[in-house]
Amino acid sequence: MTAGPSLQDLSLAAVHARMRVAVTRHGPAAPLYAWLRDHLGWPDGGVDARDRSAKGIRPRVALAAWAAVGGAAESAAAVDIAAAIELTHEFSLIHDDIEDRDLVRRGRATLWTTIGEAQAINAGDALFGIARGVLSGAALPSDVIVAAARRYDAACVRLAEGQSLDIAFESRSVGDVSLEDYVDMVRRKTGALLGAAAALGALGAGATAATADALERWGEHLGVAFQIQDDVLGIWGDPAVTLKPAGHDLVRRKKSVPVLLAAADRALSTPLRNAFAGDEPMTTATAASLAAAMAKRGLGDACRTEARRHAESAQAALATASLLPGPGAMLAALAQQAVDRER
């Protein structure tokens, strides 16, 4: 295996360029592609918001996995895999925003609020098809494409399973969802696509199925750690950095890890259940008071400890894969960044 590119070489610029090409088409259906570009952060005639607001962990994982098994730098196939993964993630966000009734995404109006639910659903469906087309069109041997497509499809089903469980949690009482239930949901909803990103990047560069399996497990554990940190930021994050309102997840009554831990805390259980009762939106004042009480009880620190525990499980899975030392360290660095990030 030859040495891969350095971490600095894993720029998202080429991935973003490939994504732009995929969602730029002309003809009678041109408005659909304009809507997709708007959602992706490239509104026609507007401010390019993509590089400023998108985390980009999924395409970075795909590119790092490609490099870690000896894939050549500047490969168009690696860019296609990374772009397909990120387009898939973005398709899921379009539908997720509709299902969660979210009004803001990365500091901008969500797509469904500007073009309506029906057209936003259709746009998300189109983006899913585009993503799969980018993957199947990568310049790779046909047997590799078939193997990658099978993993990709399985990951998309697991993603939908996770979203189904997440929506189902909304109708359950706050004390009726266990931490184990939540981790299982997140391993599907967030972990499946991160696992696919790592596995597909490795497969595309010629890795064995065993290495791809190890990287898939790494990605699933990373997904749990990543989501727990998202939960922390959803309550205590700086709105100027996260681009979401303060206490966003509490106002939405999201059953996140901090909330599940609060439900099991004797000092917090009653005020939490009272705040989560009823159908009216939680006031920002109530959310702020609850967030402060949770922080005082050390739940923010407890969540960060839980995120680090899953990051360590990810690293244990990584240790079983056959990787180049230098590029392999990129994956370890990405796992650490996932739990240290502030947005």
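Biologist: Start with R101. What is its relative accessible area, and how exposed does that make it?
Modeller: One caution before that: this is a predicted model. R101 has a relative accessible area of 41%. That value lies between the 20% and 50% cut-offs, so R101 counts as partly exposed.

Biologist: Where does R101 lie?
Modeller: In the loop between α5 (76-100) and β1 (104-105).

Biologist: And what about the phi of R101?
Modeller: It is positive, about 60°, although R101 is not a glycine.

Biologist: Now R253. What is phi there?
Modeller: Near 60°. That is again a positive value in a residue other than glycine. R253 is found in the loop between α13 (248-251) and α14 (257-263).

Biologist: Is R253 buried or exposed?
Modeller: Buried. Its relative accessibility is 18%, and the cut-off for buried is under 20%.

Biologist: Switching to charges. How many salt bridges does a search of the whole structure find?
Modeller: It finds 25. One of them joins the side chains of R151 and E216, at 3.2 Å from N to O.

Biologist: Which parts does that R151 and E216 pair tie together?
Modeller: R151 lies in helix α8 (residues 142-169), and E216 in helix α11 (residues 209-236). So the pair ties together parts that are 65 residues apart in sequence.

Biologist: Why can such side chains pair at all?
Modeller: Because side chains of opposite charge can pair when their charged atoms come close.

Biologist: How accessible are R151 and E216?
Modeller: R151 counts as buried, at 16% relative accessibility. E216 counts as partly exposed, at 25%.

Biologist: What about R304 and D301, how far is N from O in that salt bridge?
Modeller: Their side chains meet at 3.3 Å. Both residues sit in helix α17 (residues 299-318). They are three residues apart, so about one helical turn separates R304 and D301.

Biologist: Which way do those two go on exposure, buried or exposed?
Modeller: R304 is partly exposed, with a relative accessible area of 32%. D301 is exposed, at 51%.

Biologist: Which residues do salt bridges with shared partners join into one network?
Modeller: D100, D102, D231, D249, R252 and K254. Take K254 and D249: their side chains meet in a salt bridge of 3.9 Å, N to O. D249 is buried, with a relative accessible area of 4%.

Biologist: Last one, H89. Where is its place?
Modeller: In helix α5. H89 counts as buried, at 12% relative accessibility.

Biologist: What does H89 touch, leaving out residues up to four places away in sequence?
Modeller: R58 and L193. With R58 there is also a polar contact: 3.4 Å joins the side chains of H89 and R58.

Key
Residues are numbered from 1 along each chain as its sequence is written. This is a predicted model: local features need pLDDT of at least 70, side-chain atom pairs count only at pLDDT 80 or more; totals for chains, interfaces and linings use all residues. Side-chain values use heavy atoms; hydrogens and water are left out. A salt bridge is a side-chain nitrogen of Lys or Arg within 4 Å of a carboxyl oxygen of Asp or Glu. Helices (H or I, at least four residues) and strands (E, at least two) are DSSP runs, numbered from the N terminus. Buried means under 20% relative accessible area, exposed over 50%, partly exposed in between (1.4 Å probe, protein chains only). A polar contact is a pair of N or O atoms within 3.5 Å; within protein, one must be able to donate a hydrogen and the other to accept it, and residues adjacent in sequence count only if both atoms are side-chain atoms. Contact means heavy atoms within 4.5 Å.
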